[in-house]
Amino acid sequence: MVKILTVCGNGIGSSLMCAMKIEEICQEEGIAADVSSCDFNSVSGKEVDLVVTIKELADQITNLKVVPIRSYTNKKKIKEDVFETILTLVK
């Protein structure tokens with residue numbers, strides 16, 4: 001199972017919506033994933049396979065594998081940005 005963490009500034013709305021979209025994508029593609037969300041300040045210490053966030057925050061996370069996304073809510077763009085990376089983690 002792939003552990004994915006979505007991150008936004010406050011960890012309330014944007015990252016939660018993104019987590020739901022990634023969860024949908026994984027279910028549609030038959031990928032077992034544990035997707036959760038949090039705020040930027042809570043990222044350190046998390047044990048996950050992948051962090052998904054916008055470029056501005058991604059540049060500041062150095063200790064984990066991070067994929068920057070263009071949108072927290074546009075499922076098509078999210079899939080374009082993260083799907084290939086998720087596939088590499090599953091194999």
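**Strands and cores, term by term**

Visitor: Which residue of β4 is the bridge partner of T53?

Guide: P68 is T53's bridge partner in β4. Keep in mind that the model is predicted, so local features need pLDDT of at least 70 and side-chain atom pairs count only at pLDDT 80 or more, while totals for chains, interfaces and linings use all residues. Residues are numbered from 1 along each chain as its sequence is written, and side-chain values use heavy atoms, with hydrogens and water left out.

Visitor: What makes β3 and β4 a pair?

Guide: Pairing takes at least two bridges found by DSSP between two strands. β3 and β4 (residues 66–69) are joined by four and run parallel, so they qualify. β1 (residues 2–8) also pairs with β3 in the parallel sense, over three bridges, and I4 has L50 in β3 as its bridge partner.

Visitor: Why is β3 called largely enclosed?

Guide: Buried means under 20% relative accessible area (exposed is over 50%, partly exposed in between; 1.4 Å probe, protein chains only). Four of the five residues in β3 (residues 50–54) are buried, so the rest of the structure largely encloses this strand.

Visitor: What makes something a nonpolar core?

Guide: It's a set of buried Ala, Val, Leu, Ile, Met, Phe, Trp, Tyr and Cys residues joined through side-chain atoms within 4.5 Å. The largest one here has 20 residues, and I4, C18, I22, V52, V82 and I86 touch the most other members. Its largest share, five residues, comes from α1. Apart from that core lies another, of eight residues, including L5 and V51.

Note on methods: Helices (H or I, at least four residues) and strands (E, at least two) are DSSP runs, numbered from the N terminus.
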